[in-house]
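Subject: Structure handover

Hello,

Here is the structure for your files. My notes on it follow below.

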Amino acid sequence: MIKTIGFGATKFHKTLQPKIFQRQEPGNSDVEMELLYCGVCHSDVHQVNDDWKNTVWPCVPGHEIVGKVSRIGQNVTTFKVGDLAAVGCITDSCGTCYSCRHGDEQFCEAESGMLGTYNGPLIATGQNTYGGYSNHFVIKENYLIALPEGMPPEVAGPILCAGVTTYSPLKHWGVKPGMRVGIVGMGGLGHMAVKIAKAMGADVTVITTSSDKKEDAMKFGASKVVLSTSKKEMAEVEKSLDLILNTIPERHEIEPYLNLLHHDGAMVIVGVLMTQPEWNPQQIIMYRRTLAGSLIGGIAETKEVLDFCVQHQIFPEIEMIEAHEINDAFKNIESKKARYRYVIDLSTLGKEDVSKLEDIGVVGHILLKDKKAKTPQPEVQAEDNRLNFEPSWSQESEHQ
Ligand SMILES: [Zn+2]
Ligand SMILES: [Zn+2]
């Protein structure tokens, strides 16, 4: 067992405190890392607050991880001790289902789904995972990502979640030079979305509630910034965009943003995992618009976005913090004060008197008796009027 120090929260104490726990020794195909940095994602805040009603306690967040390889299993061939490497949101998946075979491990169709870097599998299996707010990590070789040459390790973390979450839909919806792309919300995800869309050649409009982000938005590559609180400014960009990436992480009205799409435009939701206020389908029917969603990206795509960022020299805007500052960072994220991604310097861990820390067990052997379905459940269950049929294309695609 590897004694590990991390920052975690418990069901009865939902602020992060230093804890100790044990990670499994690396197996033949595993890599052990000493962690250097971990980005602070808005999901970490939601998870510790149990906003999605699916948190497994105790919870050690962190899925924007960068570290140095310290030990490898005997079958590991792609990493050696001393290599810089990164872990994103996925640490395992079945590897055989349609989604996994097509590089979309985030949609793994196995019963337990993909194994999240923290907060475990999609359904209860008796296995929880603790994330990167810690000083050691053990992961299967195939889910570890080498840092490309030219990628500064201190800024790489946020690309593993915020970067791929925005890169994946921008690529999937075919962003190309001249396309008019709107980025709604310019926080951790949004600021990377602006840089990536610009690098793909798009004409980028940022739609934000924060007037003080205007200058930054232009600096990151936007050609226009619209204050969503101004009816006049919103009216000026009505029906002007081909694609919108909606990165708002909280419940919000979506109709005002749908209305910014030109006909045949699409809005992709990547930030919010809660039920939304009612909206009228007329908003999409009238102009043949699409409302869609997207979740992070697979392992291959995560490698691809790291390369893309090096190639275009676009990196996350980060503020480095010490581990003990994490609860203040959470508050700043919630009050929209973060600019734009906090990254924890994990060398500041482990200075505590270990004998006084609460031991929260062994990773992988937590009983999940409190585990609910990981898919966020709507607070009010709408009447289920779905037809019970499988679209023919999804069956066909299985056989391709
Ligand atoms: Zn994240
Ligand atoms: Zn799978």
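**Around W173**

W173 sits in the loop between α3 and β10 (180-184); helices (H or I, at least four residues) and strands (E, at least two) are DSSP runs, numbered from the N terminus. This is a predicted model: local features need pLDDT of at least 70, side-chain atom pairs count only at pLDDT 80 or more, and totals for chains, interfaces and linings use all residues. Residues are numbered from 1 along each chain as its sequence is written, while chains are lettered from A and ligands numbered from 1 in the order in which they are written.

W173 is buried because 20 other C-beta atoms lie within 10 Å (buried means 20 or more such atoms around a residue's own, with C-beta atoms placed from the backbone). Leaving out residues up to four places away in sequence, W173 touches L243, A266 and V268 (contact: C-beta atoms, placed from the backbone, within 7 Å). V268 is 95 residues from W173 along the chain, yet their C-alpha atoms are 9.1 Å apart.

**The core**

The largest nonpolar core holds 107 residues (buried Ala, Val, Leu, Ile, Met, Phe, Trp, Tyr and Cys joined through C-beta atoms within 7 Å). Helix α3 (residues 153-172) gives this core its largest share, eight residues. V206 and I183 are among the residues with the most contacts inside the core. Beyond neighbours within four places in sequence, V206 contacts I183, M186, V194, A217, A222 and V225.

**Overall**

The protein has 11 helices and 18 strands. Of its 400 residues, 46% are buried.

Best wishes

Technical notes:
Buried ≥ 20, exposed ≤ 12 C-beta atoms within 10 Å, placed from the backbone. Contact = placed C-beta atoms within 7 Å.
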